[in-house]
Amino acid sequence: ISIHFSVNSDLGTEFSSKPLLSVHRFSFCLSLPADPVVQIEGNPHCCFFNFSPKIMFTKVVKAQLWVYLRPVQHTSTVYLQILRLKPVTEDGSRHIRIRSLKIDLNSRIGHWQSIDFKHVLQNWFKQPQNNWGIEINAFDPNGNDLAVTSLGPGAEGLHPFMELRVLENNKRSRRNLGLDCDEHSTESRCCRYPLTVDFEAFGWDWIIAPKRYKANYCSGQCEYMFMQKYPHTHLVQQANPRGSAGPCCTPTKMSPINMLYFNDKQQIIYGKIPGMVVDRCGCS
């Protein structure tokens, strides 16, 4: 299962009828069961990641593999290893170690561990025929595997997933009928200004992604030139000046963002939050 969404981060500065924009796109890929051709007696159960062709033709900026480790009662050293799977041959060989980490774990409520996966993903995108999935193990000193990699009671929302940030070029028309300004603009009329919301600065570490996004805001004056567009507001102000403040600069079009976050049970939740981005400003 792949979840793909873009966040307002257009890097283009000049617009023609069909400008070329560089867009940072955040993508999440949830793990699937391993293909039977890489299994021996049904093992390993996990994990295969299926990426859409559109994502595979982009440039990988960041890639993190997230693995949930079961809680431990005492501080333990955990050895996490990631093996690249390939179809089983006559000699049974299928393991190629690609990452190995030593982790000091002291969490009694479970722990999400992230692993840099950018290099592996770049190779998969260039040679998708080599993507048969991976096997994930995290052994404690007693030989217990703490990595949650298979379906089972209490494992809902705790499966491995991939977090990606890619760069893609889009050609599209700009259809914003409102004014766009920046901090250096001298425009006094109602205008949309850029504003980046940083969740990490708020201490909201329960949000997986996006860590930040462009929310934008509206500011500026609404003069009587807007009378023809909003005659009611203008007439009310004329009839009762004390009871009306006149037209206000406000969002006239907003859009949602998609978010991935942890709930209070450390499970992964994916949701669309409405009204988070100001797309256009106007007077009303």
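Residues 24 or more positions apart account for 68% of the contacts (heavy atoms within 4.5 Å) in this chain with a separation of 6 or more. The model is predicted, so local features need pLDDT of at least 70 and side-chain atom pairs count only at pLDDT 80 or more, while totals for chains, interfaces and linings use all residues. Residues are numbered from 1 along each chain as its sequence is written, and side-chain values use heavy atoms, with hydrogens and water left out.

**Overall make-up**

- The chain has three helices and 17 strands, where helices (H or I, at least four residues) and strands (E, at least two) are DSSP runs numbered from the N terminus.
- Of the 284 residues, 40% are buried, meaning under 20% relative accessible area with a 1.4 Å probe and protein chains only; exposed is over 50%, and partly exposed lies in between.

**A three-stranded sheet**

- Three strands form an open sheet in the order β13-β16-β17, with antiparallel pairing; two strands pair if DSSP finds at least two bridges between them.
- Its edge strands, each pairing on one side only, are β13 (207-209) and β17 (268-283).
- Strand β16 (residues 249-262) pairs with β17 over 12 bridges in the antiparallel sense, and S255 has V277 in β17 as its bridge partner.

**Disulfides**

- Let's turn to the cysteines: the chain has five disulfides, each a pair of cysteine sulfur atoms within 2.5 Å.
- In sequence order, the bonded cysteines pair as 1-2, 3-5, 4-8, 6-9, 7-10.
- One of the disulfides joins C46 to C47, with an S to S distance of 1.6 Å. The torsion about this S-S bond is about 100°, so the disulfide is right-handed.
- C46 is buried at 6% relative accessible area, and C47 is buried at 0%.
- C190 and C249 form another disulfide, with sulfur atoms 2.1 Å apart. This pair links distant parts of the chain, 59 residues apart: C190 sits in the loop between β10 (161-171) and β11 (191-193), and C249 in strand β16.
- C222 is joined to C283 at 1.9 Å S to S. Here the torsion is about -85°, so the disulfide is left-handed.

- C248 is partly exposed, at 41% relative accessible area.
- C29 is buried, with a relative accessible area of 1%.
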